[in-house]
Amino acid sequence: MRLILLGPPGAGKGTQSLRLVEHHGIPQLSTGDMLRSAVQSGSPLGLRVKDIMANGELVPDAIVVQIVAERVEEPDARKGFILDGFPRTVPQAEALGNMLREKMLGLDAVLQLQVDESILLSRIEKRALETVGGARADDNAEALKKRLRIYHEQTEPLVNYYASRGLLVPIDGMKPIDEVSEDIERELNIRMAVRGA
Ligand code: AMP
C-alpha cells in the first residue's frame, strides 16, 4: 500500500502515520524527520536547510525530491510506504508521480486530514510545550503562521490535484485520535476492497 498523508501542520499526520506503520507494517517516510536528522548531524545538506526549516519555509523541491527518490529505493519501502509531509507542492507531486510511473507503481490513497485553523494553533502550542529540550525550532507562533500560509498557498492545491485523480480521501482530523485512526482504516478497507473486486 502506498499512501500520502496530507494536511496542515498540527493536523496529526505524524501521529496517524505511526499508527498506520503499526497496523500495516509499512514504513513512514517523513521528509520533515529526514531533514531534521540531517540538520542534527551537521551534514552539508543539514547546513543548507537549517535556517529554511527554522523559519518555517519550504526546502527547495529538488532537495526533497532527491531525498525521497533515494529513500523509496530502500528495501523496506518495496512493500509500500506512508508519505508524511511529502509532497508539499505541485512540482513535488509531479516528481513523485514520475518516480512511481517509472516503477510501474501507483498510489492507493491520499488521506487528507481536515482540521480547523484555531485547533491547529493550540495543538502546535501544546507540542512546543511538551517537547521541552528537543523542541522543534519551527514550533513557535511566527514560524507556525508562515507554515500555515505556505500550506494554503503551495500545498492546498494538492487537494484538487489528487481529487481529480480519484485519490483523495477526506478525513475529519478533529475527532479523538482513535476515532481518526478507525475512520482511516475504514476508508482504506473500502478502497482496497473496490480495487480487489
Ligand atoms: P514537517 O515535519 O513535515 O512539518 O516538516 C518540517 C519542515 O521541514 C517544513 O516546515 C519544511 O521546512 C521542511 N520540509 C519537510 N517536508 C518538506 C517538503 N516536502 N518540501 C519542502 N520542505 C519540507
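A salt bridge is taken here as a side-chain nitrogen of Lys or Arg within 4 Å of a carboxyl oxygen of Asp or Glu. The model is predicted, so local features need pLDDT of at least 70 and side-chain atom pairs count only at pLDDT 80 or more, while totals for chains, interfaces and linings use all residues. Residues are numbered from 1 along each chain as its sequence is written, and side-chain values use heavy atoms, with hydrogens and water left out.

**Salt bridges**

The whole structure contains 9 salt bridges. In one of them, the side chains of Asp33 and Arg36 meet at 2.9 Å, N to O. Because these two residues stand 3 residues apart in helix H2, about one helical turn separates Asp33 from Arg36. Helices (H or I, at least four residues) and strands (E, at least two) are DSSP runs, numbered from the N terminus.

**Sheet and packing**

Five strands form an open sheet: 5 strands in the order E2-E3-E1-E4-E5, with parallel pairing. Two strands pair if DSSP finds at least two bridges between them. E2 and E5 (168–172) are the edge strands, each pairing on one side only. From one strand to the next, the twist averages 25 degrees. E2 and E3 (residues 81–84) pair over 3 bridges, and Leu29 has Leu83 in E3 as its bridge partner.

Contact means heavy atoms within 4.5 Å; axes are lines fitted to C-alpha atoms, for helices over the stretch in contact, and angles run from 0 to 180 degrees between N-to-C directions.

| Helix | Strands | Angle |
|---|---|---|
| H2 | lies across E2 and E3 | about 60 degrees to E2 |
| H9 | touches E1, E4 (109–114) and E5 | about 155 degrees with E5 |

**Largest pocket**

On a 1 Å grid over the protein atoms alone, a pocket is an open set of points where a 1.4 Å probe fits, with protein on both sides within 12 Å along at least five of seven lines; lining residues have an atom within 4 Å of a point. The largest pocket is lined by 49 residues, with Gly10, Lys13, Gly14, Arg127 and Arg136 nearest its centre. Elements giving two or more residues to this lining include H1 (13–24), H2 (31–41) and H9 (177–196).

**Loop backbone**

The peptide bond from Phe86 to Pro87 is cis, with omega near -5 degrees; Pro87 belongs to the loop between E3 and H5 (90–102). Met104, in the loop between H5 and E4, has a positive phi near 60 degrees, in a residue other than glycine.
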